[in-house]
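Subject: Structure handover

Hi,

Here is the structure for you to look over. Please open it next to this note. My findings follow below.

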Amino acid sequence: MKRAVTPALIGAFLMSACMAASAATPEAKAAYSQARDAASAAYKVARARCDTMTGNPKEVCVEEAKVARVRSVEEATAIYKNTLKAYTQSRLQIAAASYDLDRVKCKALTGNDKDVCIQQAKATLIAAQADARADRKAIEARTDARDDKRTAEYKVALEKCDAFAGAAKDTCVSAAKSQYGK
């Protein structure tokens, strides 16, 4: 039942975190809508496949279809919004959907096995939520550290400009401002 964090989601986040472009372009919106529509269509097909089953296997099949839909929609939403908050929220929603699936799978068991299964599902959910929040904090900390380093380097560059006078100093200050984005 242990769910691995989707490497594609993390990779997409890291690549998009480096990009400064806004995600609200018409192409991004079209891709987002297309991904949502594809997820909905795939869900309907998977759900129809489940209708031939009965009992717990049917419930598991339905939940698997829901998890696949949630994963697709949440990943598309995170990429579209392109914010750290959106990526974190996406991971939390996917973890919650996976937890629901795990609980449905546990229904087929009885006694202590069922109790252990439910506790394992909860532990997996808590671990996934903790990982998502920890990754967010780590990324925020790295961003803050990078900003602090750039500010310190900018101050050093300005200090070096103090050795000049007049137009040379103005040119040096302008170069430092453009280099460090100030």
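Helices here are DSSP runs of type H or I with at least four residues, numbered from the N terminus. One caution before the details: this is a predicted model.

**Salt bridges**

How many salt bridges are there by this rule: a side-chain nitrogen of Lys or Arg within 4 Å of a carboxyl oxygen of Asp or Glu? The count comes to seven. The background is simple. Side chains of opposite charge can pair when their charged atoms come close.

**Within helix H5**

Start with Glu 140 and Arg 136. Their side chains meet in a salt bridge, 3.2 Å from N to O. Both sit in helix H5, four residues apart, so about one helical turn separates them. Glu 140 is partly exposed, at 33% relative accessible area. Arg 136 is partly exposed too, at 28%.

Back in helix H5, find Thr 124. A polar atom of the Thr 124 side chain lies 2.9 Å from the backbone oxygen of Gln 120. Is Thr 124 buried or exposed? Thr 124 has a relative accessible area of 11%, so this residue counts as buried.

**Between helices H4 and H5**

Next, Asp 135 and Arg 91. These two form a salt bridge, with the closest N and O atoms 2.6 Å apart. The pair links distant parts of the chain. Asp 135 belongs to helix H5 (residues 111-161), while Arg 91 belongs to helix H4 (residues 84-106). They are 44 residues apart. Arg 91 is buried, with a relative accessible area of 15%. Asp 135 is partly exposed, at 31% relative accessibility.

**Within helix H3**

Which residue forms a salt bridge with Lys 66? The partner is Glu 63, and the closest N and O atoms are 3.7 Å apart. Lys 66 and Glu 63 are three residues apart in helix H3 (residues 55-81), so about one helical turn lies between them. Lys 66 has 31% relative accessibility and counts as partly exposed. Glu 63 has 14%, which means it counts as buried, the cut-off being under 20%.

Best wishes

Technical notes
Residues numbered from 1 in each chain as written. Predicted model: local features only at pLDDT ≥ 70, side-chain atom pairs only at ≥ 80, totals over all residues. Heavy atoms only, no water. Helix = DSSP H or I, 4+ residues; strand = E, 2+ residues; numbered from the N terminus. Buried < 20%, exposed > 50% of the residue type's maximum accessible area, 1.4 Å probe, protein only. Polar contact = N/O pair within 3.5 Å; in protein donor to acceptor, adjacent residues only side chain to side chain.
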